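The following exercises treat the architecture of a single structure, each with a worked solution. Please keep the sequence and the coordinates at hand.

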Amino acid sequence: MFDALTDKLQQTFKRMRNKGRLTEADVKEALREVRLALLEADVNFKVVKEFLSRVEARAVGQDILQSLTPDQGVIKIVRDELVQLMGSHVERVRMASNPPTVIYLVGLQGAGKTTASAKLARMLRHQGRQPLLVAADIYRPAAIDQLKVLGEKIQVPVVTEAGKTPVQLAELGMAMSKRMAKDVIIIDTAGRLHVDDALMGELEEMNRRVPAHEMLLVVDAMTGQDAVRVASAFKERLPLTGVIMTKLDGDARGGAALSIREVTELPIKLVGSGEKIEDLEPFAPDRMAQRILGMGDIMTLIEKAEAAMDREDTQVLAEKITKADFTLDDFRAMIEQVKKLGPLSKVMEMMPGMGQMAKLKNKVDDRSMVRVEAILNSMTNKERQRPDIIDGSRRLRIARGSGTTVMEVNRLIKQFDEVKKMMKQMKGKKGRGRMPRMPFPPLG
Ligand SMILES: Nc1nc2c(ncn2[C@@H]2O[C@H](COP(=O)(O)OP(=O)(O)OP(=O)(O)O)[C@@H](O)[C@H]2O)c(=O)[nH]1
Ligand SMILES: [Mg+2]
């Protein structure tokens, strides 16, 4: 995501760091490069201009240049202003105080409305809500089936009825929600090729009959400034409350994500980061800024880990960790949990400084994880419980059994010891209610 922009910014900041003492001219030079990088990422030129004048006003101030680490000062200002640009804080999908909450998803064809409807339903269900999906796209016959299939997958009912108009379907959704005791209605609407008067009128009518609490515009991040123009046009006709930006996993350059808020004043509430049903995340401006600057995204990772992990398993594991009786069996369970997070390369992308490494897919791939598991599986229960009994001959047997080498077995045991040591140190530092940062299984 935003790779080219991140690379450019990192190069700029690296050059700046190498200068040692910074002069005002150095800062201006660096900011010129930031400007180019943003323009190349397809950020709206007015947004770039205003962004840079804000950064410059702060960066050229005396105290930054006098400080011991002026380069870090400049990076911090750029980061702060990026965060501001994207809306400064997480904007939640608002729930009505008087249920059911009505959420419309609108947007151009292929933006990802149907996919996002199902993803959102799944997300809300995980938050303890009882959502209902309404398939109101009657113009493309396959659209209704598409939503039905998704609904089945996440076990959320999909309301639809042949021969009804979208307005009637919205009303049917409302009636059904009451009958089925559902507290959220997500209405998937028809796509349009461009901002189309007839369909826009239809959405207005739906909203009159079944008023929205949230009317979310779904835009494709890959379309850059077009997404911003589309948002402005939709906003003229409809009471939009926010944006869902999809396909951030693709090679979007960043222009849409960085401009849409400033240009349209609509907050990005959610982002789609993949084709799978779980690939939807709240949009966090601060984390996005860190990610753009190449600082990784540890918070997203931790949240993903928490969501993917089995609550109970996590609890047991956390207890073991604090008691420091962590064994190789637990280690194996932990690897199982990490695997639920998805491909290792994707996980790595979110860790600070690992973004580049994740690209070397051959080096850090899921095969190394498979080898680690093979080694663990070749041990006896007793060996996993008490790794200290694993002597030379046992190591040889384990290596043979797992199709690895003694060297790999040694490395795994050594890394396990280190993890264990680390966990002992963490003992007593708990009480924050969340799992301590996860030690990752040994790589390659
Ligand atoms: N990689 C990626 N693909 C996505 C994402 N969201 C949606 N897609 C894909 O984009 C395509 C279009 O998604 P839909 O959900 O059908 O889009 P739509 O807006 O409902 O389209 P219409 O109903 O035709 O207007 C599908 O192939 C989705 O799998 C995302 O976040 N990442
Ligand atoms: Mg659709």
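**Exercise 1. The ligand surroundings**

How far is an oxygen atom of ligand 1 from a polar backbone atom of K113?

Solution. This is a predicted model, in which local features need pLDDT of at least 70 and side-chain atom pairs count only at pLDDT 80 or more, while totals for chains, interfaces and linings use all residues. Residues are numbered from 1 along each chain as its sequence is written, chains are lettered from A and ligands numbered from 1 in the order in which they are written, and side-chain values use heavy atoms, with hydrogens and water left out.

Step 1. The distance between the ligand oxygen and the polar backbone atom of K113 is 2.7 Å.

Step 2. Turn to side chains: an N or O atom of T114 lies 2.8 Å from an oxygen atom of ligand 1, and for an N or O atom in the side chain of E275 the value is 3.0 Å.

Step 3. There are 20 residues around ligand 1, a residue being counted if one of its heavy atoms lies within 4 Å of the molecule. Those that come nearest are G112, K113, T114, T115 and D249.

**Exercise 2. The sheet**

Determine the strand order of the open sheet and identify its edges.

Solution. Step 1. Helices (H or I, at least four residues) and strands (E, at least two) are DSSP runs, numbered from the N terminus; two strands pair if DSSP finds at least two bridges between them.

Step 1. The 8 strands follow the order β3-β2-β4-β1-β5-β6-β7-β8, with mixed pairing.

Step 2. β3 (158-159) and β8 (280-282) are the edge strands, each pairing on one side only.

Step 3. β1 and β5 are parallel and share 4 bridges, with L105 opposite L216. L216 in turn stands opposite G242 in β6. β5 (residues 214-220) and β6 (residues 242-246) are also parallel, joined by 5 bridges; V218 faces I244 there.

**Exercise 3. Connections and helix packing**

Trace the β-α-β units and the helices that lie across the sheet.

Solution. Step 1. β5, helix α10 (residues 225-237) and β6 form a right-handed β-α-β unit. Right-handed denotes a clockwise path from the first strand over the helix to the second, with the strands pointing away from the viewer.

Step 1. A further right-handed unit consists of β6, helix α11 (residues 255-264) and β7.

Step 2. Helix α7 (residues 141-154) lies across β2, β3 and β4, at about 165° to β2. Helix α6 (residues 113-126) runs at about 170° to β4. Axes are lines fitted to C-alpha atoms, for helices over the stretch in contact, and angles run from 0 to 180 degrees between N-to-C directions.

**Exercise 4. Burial and a loop residue**

Are the residues of β6 buried or exposed?

Solution. Step 1. Buried means under 20% relative accessible area, exposed over 50%, and partly exposed in between (1.4 Å probe, protein chains only).

Step 1. In β6, 5 of the 5 residues are buried, so the strand is largely enclosed by the rest of the structure. G242, I244 and T246 cover one face, V243 and M245 the other.

Step 2. In β5, 7 of its 7 residues are buried.

Step 3. T241 is found in the loop between α10 and β6. The side chains of T241 and E214 make a polar contact at 2.5 Å, that is, a pair of N or O atoms within 3.5 Å; within protein, one must be able to donate a hydrogen and the other to accept it, and residues adjacent in sequence count only if both atoms are side-chain atoms.

Technical notes: Contact = heavy atoms within 4.5 Å.
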